[in-house]
Amino acid sequence: MKYVLLGAAAVTTLAAALLLGPANVPLGDLLGSPILWQLRLPRAVLAFLVGGALGVSGVGLQALVRNPLADPFLLGLSGGAGLGAVVAIALHLPGPWALPLAAFVGAVGAMALVYRLGLIGGAELDARILLLGGVAVGAFAAAITTALVSLAEATELRNAFLWLWGGFSGASWTTVLVILVYAPLPLVVLAAAARPLDLLALGEEPAQYLGADVRRLKQLVYLSASLLTAAAVAVAGVIGFVGLIVPHVCRLLWGRLHHTLFPTAFLTGGILLAAADTLARTVVAPRELPVGIVTALLGVPLFAFLLRRWTVS
Amino acid sequence: MRRWVQRTHLAGFVALTLTACARGEHVPFRGGIAVTDDAGRRVTLAAPARRIVSLLPSFTEILFAIGAGDRVVGRTTWCDYPPEALAVPSVGDGMPPSVEAVAARRPDLVLLYRSGPNVTAAEQLERLGIRTVLVDLNRLEELGPAARRIGALTGHSRAADSLAHVMDSLASQPPAPGTQSLVFIVWDNPPIVIGAGSYLDRLAALAGARNVFHDLSSPSAQVSIETIAARDPDFVALLSDSALPPGYASRPEWRVVRAVRARRFLFLSGQLFGRPGPRAAQAIRELRRRLAGTP
């Protein structure tokens with residue numbers, strides 16, 4: 001029943017995203033309108049895919065570091081992406097793809113650095129060092145970013161920050177294609193790791209005894225979750241809360257087994273972000289809200305409600 | 001040494017004000033100048049300012065326009081008009097102002113645009129004994145009052161008042177008749193446009209073009225491409241010194257906007273259009289000419 005409801009919610013959200021918008025397009029003209037095919041549809045699909053990617057990435061990372069506070073952007077990725085974007089603008093790299101590509105490179109660079117730090121204790125990734133290293137690398141990247149911003153031309157860089165705060169203004173079929181290229185491989189890897197991740201929840205040693213290759217598992221999960229997040233940053237900037245809240249919501253509603261957590265987190269993340277973007281486009285029309293604000297405004301009360309229900313029961 | 005000199009100046013000034021008050025005279029004292037700035041501070045000078053640092057391109061243009069250009073001893077890197085201004089030493093980009101660089105020009109008056117960081121900088125300069133004035137200058141209507149006060153502080157009241165008169169009458173004109181519409185796009189991702197309550201909105205109205213986002217009360221706002229497409233402006237106006245179409249012009253999501261598809265861009269030079277200044281009338285004529293020249 002819960003699954004049917006989830007599917008229905010996904011369909012309803014996508015339909016609402018296509019029907020609602022600041023421009024008043026009569027229903028009869030909608031199918032022939034470029035506003036539907038070039039703006040609303042790619043934007044709704046992109047928001048759904050990014051939300052799904054962030055939700056799955058959050059599940060993977062929280063399982064990996066066994067810390068409920070882990071967020072895809074806590075591991076230094078947003079700092080790296082910001083640095084990449086600001087460098088692209090400061091160097092006046094040409095072309096519409098320079099900024100997203102630089103953000104992706106920055107996020108992957110930060111990921112590599114944190115990964116290397118995580119291996120400091122030996123050949124096995126240390127979850128605590130991953131978290132600390134992520135925070136440290138993020139702060140370091142943010143410091144370089146701020147230095148660049150204060151030294152370079154201000155207006156352009158202020159606009160780079162607007163982009164980084166996240167949103168789907170730049171959505172087109174090309175950006176949908178980008179996430180469709182990057183996302184499937186890490187999604188498949190994570191889905192295949194569902195069973196060993198269940199074992200990891202028991203602790204690293206028990207998981208090892210039960211036959212999981214913990215060392216390899218941690219590496220694969222970390223790299224896949226980070227790649228998903230980096231792809232999301234490249235097309236939509238940094239959108240917080242989805243990766244933090246969606247895994248909790250799904251664990252509360254569907255339990256802790258990863259073979260159900262991954263698909264439900266994908267759908268829940270997609271629904272949350274597509275709905276948030278529809279609200280961002282419409283509630284203050286003709287103006288638009290940054291979507292990150294809406295995800296926080298929607299996500300936090302929902303989260304508080306579920307937490308309360310969970311602690312009461 | 002310099003600081004000591006400034007301290008004694010400050011002490012002398014305080015002593016002077018105290019004696020003035022002790023004698024029961026109100027500020028402005030005889031022969032002095034007093035204006036109230038936009039931060040509500042009363043700024044008094046014993047004599048017209050001789051060494052002025054201007055921390056906004058608009059102020060620099062006004063100073064040169066009223067004949068006080070020879071009093072300007074410091075400017076920002078953005079102050080590039082008139083060309084003579086470039087001969088004045090720069091004190092940096094002014095965002096925020098370097099208090100030391102400004103003080104090193106030994107000014108007796110610093111003109112600052114009223115913003116958070118500038119209010120702090122003004123307090124720091126005042127502590128060094130340097131007089132400061134904080135002025136709002138975002139809209140056409142604010143040019144006249146700004147010019148009047150700058151004229152009073154520099155002893156060029158006559159020229160400043162006549163400039164202010166021209167600016168005031170420009171600001172009180174009704175919108176010029178015209179059927180064309182435009183959108184000012186400041187940034188493409190996320191799309192930021194200019195709304196009412198801005199200098200550019202007024203310029204467009206006086207040039208006979210309707211800003212399609214005139215209903216937004218803030219100077220600028222984030223909107224969606226969909227809204228721009230639905231409002232269907234005839235032109236996309238950009239502050240740009242080159243005539244190269246912007247990078248987004250060829251992207252499919254932007255081509256939903258008719259003016260982008262038809263490449264109807266108005267490239268407006270940042271020096272003339274990007275700041276409120278004495279050349280407002282010239283900017284309006286230029287915009288009108290560009291609108292008329294494009295079918």
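Q: What makes up the lining of the largest cavity, by class?
A: It has 7 nonpolar, 6 polar and no charged residues. Here Ala, Val, Leu, Ile, Met, Phe, Trp, Tyr, Cys and Pro count as nonpolar, Asp, Glu, Lys and Arg as charged, and the others, Gly among them, as polar. By the way, this is a predicted model, where local features need pLDDT of at least 70, side-chain atom pairs count only at pLDDT 80 or more, and totals for chains, interfaces and linings use all residues. Residues are numbered from 1 along each chain as its sequence is written, chains are lettered from A and ligands numbered from 1 in the order written, and side-chain values use heavy atoms, without hydrogens and water.

Q: Why is a space called a cavity?
A: Because, on a 1 Å grid over the protein atoms alone, a 1.4 Å probe fits at its points but cannot get out; lining residues have an atom within 4 Å of a point. By this rule there are 2 cavities of 30 Å³ or more. The largest holds about 100 Å³, and among the residues closest to its centre are A:Trp163 and B:Pro190.

Q: How do you know which helix gives the largest share of the second largest cavity's lining?
A: Helices are DSSP runs (H or I, at least four residues), numbered from the N terminus. Helix 3 of chain A supplies 3 residues, the largest share. That cavity has about 80 Å³ of space, and its lining includes 5 charged residues.

Notes: 1 Å grid on protein atoms, 1.4 Å probe; cavity = no way out; pocket = protein on both sides within 12 Å on 5 of 7 lines; lining within 4 Å. Points joined across faces, edges and corners; volume = space filled by probe spheres on them. Helix = DSSP H or I, 4+ residues; strand = E, 2+ residues; numbered from the N terminus.
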